[in-house]
Amino acid sequence: MRRILVFTHTGRKDAIAAAIETSHQLANSGIVPVMRRQDQHAVIGANGDNQGEDALHVEILGEDCQMQDIDLGVVLGGDGSVLHAAEQVREADLPLVGVNLGHVGFLAESERTELANSVAQLAAGRYTVEQRMAIEVKVWLDNVCLAETWALNEAAVEKANRERMVEVVIEVDGRPISTFGCDGVVMATPTGSTAYAFSAGGPVVWPEVAALIMVPISAHALFAKPLVISPDSVMAVEMLTRTDAEAVLWCDGRRTIDLPPGARVEVTRSAQPVKLARLNTTPFSERLVNKFELPIQGWRGPARPSERRTATTALPVVKPELRTVEPHNKDEPGIPMVARDDPRP
């Protein structure tokens, strides 16, 4: 018996309605819907159904089944809900598919209007699973590891006090790159390149590209450009001790730790990626255009192979005429510079 775990944003009415609809459709398709106990209580309470648990036929995770019994997770909400679900299933290595009920929703696979069709495809097993790079994050102070966590989108070092910048040194593979005052530094994955790193001015990196990204936030420096780094490199941000400004580390906007002066944050590629289920093969470039509503008017596209023709005549190769310029004598400032044809062949 296949089981699908339903995650939902319990603080939104549309997400509650989507969770009920999804659970009923899964059950009617012969799939066992599963929820966490707190999500089930929130759905029943928000729905105001007097029939209680009898109106929502789901198994309870940890009581009726365990995480290893689940085949797939469906996330109803925005990117934040997907990140929360990824945190919950990190140890189980469970594929997730998101249905966007938020705004941009880059991590989501479909929209609310496509919910019924999406659930039908999941029930029929018509989906593929792709792996997204994650990062491992360690915080050090005086050679002692204070914390160790992970992130799917980014690890962001930010100033703790609004009125003061933080002084940092950014480093790649054990070598310093630059030091400057800034509001923070974002260290992201390709998946996170369309999230916080994008807002900070970083590049958009296609998800299948193996790379790490480092983006300074409002740096007070001449050189503070985004860096695209090898996935096998080690990125680091050190908090300088010449000021007492403190910072804070945020991982995916969910896990946080305070960073005192002298702290060091190291980021490497994680050996365990995050699995996302895909229902269609829409290219990332098309998703990018749709999510950001980018203007593409006037685009003609490449010609079809059947419509391409070879040139009937060879185009001549035009070689520019070489010319040299002789400077005038310094003792004769009134004589202008003269250009002449180069007599050489």
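Visitor: In which loop is Asp 252 found?

Guide: The model is predicted. Strand S17 covers residues 247-251 and strand S18 covers residues 255-259. Asp 252 is found in the loop between strand S17 and strand S18.

Visitor: Is Asp 252 buried or exposed?

Guide: Asp 252 is a residue other than glycine with a positive phi, near 60°. A residue counts as buried when its relative accessible area is under 20%. Because the relative accessibility of Asp 252 is 7%, Asp 252 counts as buried.

Visitor: Is Ser 218 buried or exposed?

Guide: Ser 218 is found in the loop between strand S14 (212-217) and strand S15 (227-229). Ser 218 is not a glycine, yet has a positive phi of about 50°. The cut-off for an exposed residue is a relative accessible area over 50%. Ser 218 has a relative accessible area of 52%, and therefore Ser 218 is exposed.

Visitor: At roughly what angle do the axes of helix H1 and helix H4 cross?

Guide: Two packed helices are described by the angle between their axes and the distance between the axes. Helix H1 spans residues 13-28 and helix H4 spans residues 115-124. The crossing of H1 and H4 is right-handed. Their axes come within 10 Å and cross at roughly 35°.

Visitor: How many residues of the contact of H1 with H4 are charged?

Guide: On the H1 side, the contact involves Ala 18, Glu 21, Thr 22, Gln 25 and Leu 26. These meet Leu 115, Ala 116, Val 119 and Ala 120 in H4. The residues of this contact divide into six nonpolar, two polar and, as the charged class, one.

How values were computed: Residues numbered from 1 in each chain as written. Predicted model: local features only at pLDDT ≥ 70, side-chain atom pairs only at ≥ 80, totals over all residues. Heavy atoms only, no water. Helix = DSSP H or I, 4+ residues; strand = E, 2+ residues; numbered from the N terminus. Buried < 20%, exposed > 50% of the residue type's maximum accessible area, 1.4 Å probe, protein only. Axes fitted to C-alpha atoms, helices over the stretch in contact; angles between N-to-C directions. Left-handed = near helix turned anticlockwise from the far one by under 90°. Contact = heavy atoms within 4.5 Å. Nonpolar A, V, L, I, M, F, W, Y, C, P; charged D, E, K, R; others polar.
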